[in-house]
Amino acid sequence: MRDPEGPLPAPTGVTAEGALPGRPYDVAIVGAGVVGCAIARRLARHPRLNVALIEARDDVGQGTSKANTAILHTGFDAVPGTLEARLVREGHARLTAYAAESGILVEPVGALLVAWDEEQLAALPRLAAKAAANSYDAARALGRAELYAREPHLGPGALGALHIPGESVICPWTTILAYATQAVRAGVDLHLNTEVRQAAWDDGHRLHTSRGVLRARHLVNAAGLGADTLDRRLGRDDFTVTPRRGQLLVFDKFARPLVRHILLPVPTALGKGVLVAPTVYGNVLLGPTAEDLDDKRATGTTAEGIALLRERGRRILPALIEEEVTAVYAGLRAATGQEDYRIAAHPERSYVTVGGIRSTGLTASLAIAEHVTALLAGTGLDLGPGSDLEPVRMPNLGEAFPRPHQRPELIAADPAYGTLVCHCERVSLGEIRDALAGPVPPRGPDGLRRRTRAGAGRCQGFYCGAELRELLERRGRGERA
Amino acid sequence: MTAVRQVDVLVVGAGPAGLAAAARLAAAGAGRVEVLEREARPGGAPRHCAHGGFGTWTRPLTGPRYARLLTAAAERAGAVIRTRTTVLDWGLGAVSGANVLLTVGPGGPEALAARAVVLATGARERPRAARLVPGTRPAGVYTTGELQRAVHLFGQHIGTRAVVVGAQDVSYAAARTVRTAGAEVVALVTEHPRARTGPARARSARLVRGIPLLTDTTVTELLGHGRLSGVRVRHRDGRTTVLPCDTVVFTGDFVPDHELARRGALDLDPGTRGPAVHPALHTTRPGVFAAGNLLHAVEPAGTAAREGAGAAGAVLDHLAGAPWPRPGIPVTVEPPLCRITPNLLDPDRLDPDRLGPGCPGAPSHLLRTDTPLSRPVLYVRQDGRLLHRARLGPGTAQPYRTLRLDTSWHGRVDPAGGEVRVSAG
Ligand SMILES: Cc1cc2nc3c(=O)[nH]c(=O)nc-3n(C[C@H](O)[C@H](O)[C@H](O)COP(=O)(O)OP(=O)(O)OC[C@H]3O[C@@H](n4cnc5c(N)ncnc54)[C@H](O)[C@@H]3O)c2cc1C
């Protein structure tokens with residue numbers, strides 16, 4: 001296995017260049033975000049199906065999925081009775097179980113909806129009632145003293161809170177990769193760098209992509225921010241996606257002891273507002289902003305956005321602002337002007353649109369996949385027999401469990417796990433090598449960072465950037481890390 | 001739990017400060033002296049500074065040569081240097097009175113108890129994110145450290161057109177590295193009214209190499225998807241423009257690599273963000289000393305090495321049973337002075353003849369100013385009482401140069417008084 005010079009076997013089923021296979025697929029899924037990957041994984045349970053997952057970018061999860069707030073929602077505050085409310089609730093249960101089985105990091109820290117004025121305090125009982133309407137009964141009111149006992153670093157002036165013990169933080173990246181890994185291992189073809197430019201219908205789909213034509217009998221439009229555009233290419237005009245930008249700040253790990261729960265603001269007409277949350281990697285997240293834009297590529301941050309976050313953050317957790325920021329990023333949610341998902345089957349064209357998966361898609365992903373699979377069957381897709389997938393075991397990137405460098409037996413078996421390359425995040429050569437040789441390998445430093453945390457720490461590459469690049473380039477030349 | 005191995009002195013970090021301390025200690029017979037270094041090779045930052053400016057006036061050296069020299073000296077003296085060994089954290093004092101360090105390396109985890117620890121973990125530049133520079137997150141964004149490693153240690157290709165953010169010594173070193181790598185320097189950009197480097201250097205870059213210097217200018221946004229396509233800059237007068245480039249190097253803005261110090265609950269100095277230290281480099285954690293750029297980002301390598309060597313004296317005293325200084329009296333600065341080291345005084349040891357930070361015969365505090373001061377005078381006061389007045393000689397004190405303040409006034413400090421404040425007039 002560990003021949004240092006030998007060339008690597010090409011990972012089966014993942015392509016990023018060259019012509020696409022000529023044979024028609026039973027199902028093509030457009031968009032390898034968390035939703036598309038979850039659907040691919042779900043369909044992979046039917047071995048007779050030929051499934052392609054196609055993605056415009058060079059990696060899975062490069063769109064909205066990579067830049068969210070990383071919370072596994074209970075759905076306590078969803079609009080009762082909507083499809084979103086149901087799928088978030090079901091998705092929460094499914095993903096919690098799946099995470100435990102696959103090693104996806106989840107920390108059940110719980111959330112506090114903090115009231116900062118009398119009006120917000122008065123709104124808490126209504127929110128508790130809403131939670132109950134969403135079948136979430138564990139919400140409980142906390143008085144001022146209990147709130148500060150639970151969160152001693154909270155800024156002055158909070159009056160009380162609603163405690164939602166079921167809210168958790170999760171690793172979004174491992175989730176997407178677990179889905180994609182299982183799908184690819186079970187035979188799904190993942191075609192990266194494949195942008196759909198035109199679509200035609202001729203008793204089946206003909207997708208004209210940046211890498212040639214791809215044919216499929218059935219189609220799933222999971223194109224995220226591009227779902228409305230793709231729908232129009234497929235002949236439907238049901239909704240328009242308005243990107244809603246969320247800017248976020250990630251604070252250094254030294255900030256982690258400052259906060260114990262996800263600190264949520266009491267929602268207003270303007271949206272959910274700015275939260276402070278721990279991350280499973282041991283950082284603290286502050287954000288997001290909510291800005292409606294019309295440019296779907298506007299994933300940049302702005303001076304105003306950063307200033308607003310710092311101002312909000314200073315009120316919630318004053319000591320936070322004294323700590324260093326390790327990352328600043330922005331994501332775009334797919335708003336559609338309706339407070340619900342836009343999931344619809346179009347049997348006449350044998351396809352299903354999965355649109356408007358706003359800020360809850362990570363939580364709901366497994367439930368969405370289940371729902372979409374049923375809708376596909378309704379468009380005439382014969383799923384054939386089904387079976388369980390081989391379980392997947394993802395590497396631990398989190399602080400709450402032992403990392404490879406903390407496991408003497410692992411290092412004894414392979415010293416590469418004791419050889420740290422990224423000092424800030426304590427990522428070992430062994431983990432980097434494993435990621436580079438994985439079934440869905442990274443294609444650059446960003447992909448490597450999302451798989452291992454290498455380069456994601458406080459020094460942002462001062463120490464390890466060049467060495468990581470060297471390891472990636474060696475892998476690119478077919479050598480082992 | 002892993003068994004605890006006992007040594008006499010552990011030095012964390014094999015940069016100039018750590019290597020110099022280890023060499024001195026091993027030569028003086030301190031017992032088993034181990035230097036722990038997480039990188040694959042000893043030498044610290046000079047290893048990737050492939051340019052002159054190290055060594056002494058009489059013996060100028062490049063960074064890598066200097067690193068090799070210090071390494072050889074430490075080894076010759078009998079210190080054991082263990083590379084690829086990261087100190088992760090402090091263990092609970094299994095051996096009473098000892099500091100225990102938890103490490104990991106290819107050989108596995110280890111717990112090491114030491115009678116004395118010298119922290120010499122150096123400094124790094126604050127990256128783009130910590131500086132809160134908005135925009136997209138494209139490839140092609142570096143710090144000087146990453147750039148130098150990429151070019152000088154790995155021979156990697158960087159972009160073709162680079163903007164260098166900053167105009168201090170290290171920024172000019174970055175510009176040089178960019179050119180060595182075959183790329184063009186579009187401009188040096190600084191928010192200050194002038195370069196923070198010697199005039200000869202600034203002139204040579206501008207006139208000889210034709211590198212424009214944009215002063216009073218801030219980088220307000222990074223542009224480009226995938227790869228950097230440009231940086232937006234704003235002049236103090238409000239004008240903005242885009243400099244097209246595919247590479248940007250954020251230079252200077254050094255911060256001490258104080259992670260281990262913080263984990264060890266050492267008091268930090270708010271001005272330096274490094275551990276607070278006494279004149280002989282004792283920290284507030286008994287048995288733990290600190291030296292080099294961990295104390296004051298960033299001073300020249302020679303200063304770091306002298307501090308390391310100087311700390312060795314105090315380490316030997318400690319090993320011989322000298323009492324640990326009391327936390328005592330903070331020494332702080334007033335703007336435009338921005339930091340001072342050492343920054344603690346022990347009320348019981350205000351003897352002016354004690355040697356200071358590693359400079360035999362020339363004990364002094366190191367300070368920096370934020371803005372140029374012409375013919376400055378330093379005033380040392382405690383509770384409003386003037387203890388000392390020092391004229392710093394003719395000329396202008398520059399932000400890029402260290403100021404030195406002797407310690408002759410230590411004897412006048414009131415052991416029961418408040419903090420000592422240093423100001424400039
Ligand atoms: C770009 C650049 C240009 C420079 N140019 C010059 C110049 O021309 N002339 C000059 O005199 N100086 C120059 N300097 C400054 C000079 O390099 C520093 O003054 C000197 O390196 C400081 O020494 P140090 O020992 O304090 O820190 P460092 O050299 O940074 O050494 C610290 C060491 O500690 C290690 N370490 C940190 N944490 C741990 C841990 N937890 N476990 C194990 N090991 C750890 C690090 O890996 C590192 O090797 C330059 C610096 C830079 C970055």
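Is Thr301(A) buried or exposed? In this predicted model, Thr301(A) counts as buried, because its relative accessibility is 3% and the buried class covers values under 20%.

Let's look at where that residue sits. Thr301(A) belongs to the loop that runs between strand 18 (291–292) and helix 7 (303–316) of chain A. Setting aside neighbours within four places in sequence, its contacts in chain A are Gln247(A), Ile306(A), Val328(A), Tyr329(A) and Ala330(A). From chain B, Pro134(B) and Gly135(B) are also in contact with Thr301(A).

Now for the ligand. There are 35 residues around the ligand, and Glu37(B), Gly53(B), Asn293(B), Glu299(B) and Ala301(B) come nearest. By class, this shell holds 17 nonpolar, 14 polar and 4 charged residues. Several elements of chain B each give the shell at least two residues: helix 1 (16–27), strand 6 (86–91), helix 3 (144–153) and helix 7 (301–319).

| Residue (backbone N or O atom) | Ligand atom | Distance |
|---|---|---|
| Ala301(B) | oxygen | 2.8 Å |
| Arg38(B) | nitrogen | 3.2 Å |
| Gly52(B) | oxygen | 3.5 Å |

Definitions and conventions: Residues numbered from 1 in each chain as written. Chains lettered and ligands numbered in written order. Predicted model: local features only at pLDDT ≥ 70, side-chain atom pairs only at ≥ 80, totals over all residues. Heavy atoms only, no water. Near = heavy atom within 4 Å. Polar contact = N/O pair within 3.5 Å; in protein donor to acceptor, adjacent residues only side chain to side chain. Helix = DSSP H or I, 4+ residues; strand = E, 2+ residues; numbered from the N terminus. Nonpolar A, V, L, I, M, F, W, Y, C, P; charged D, E, K, R; others polar. Buried < 20%, exposed > 50% of the residue type's maximum accessible area, 1.4 Å probe, protein only. Contact = heavy atoms within 4.5 Å.
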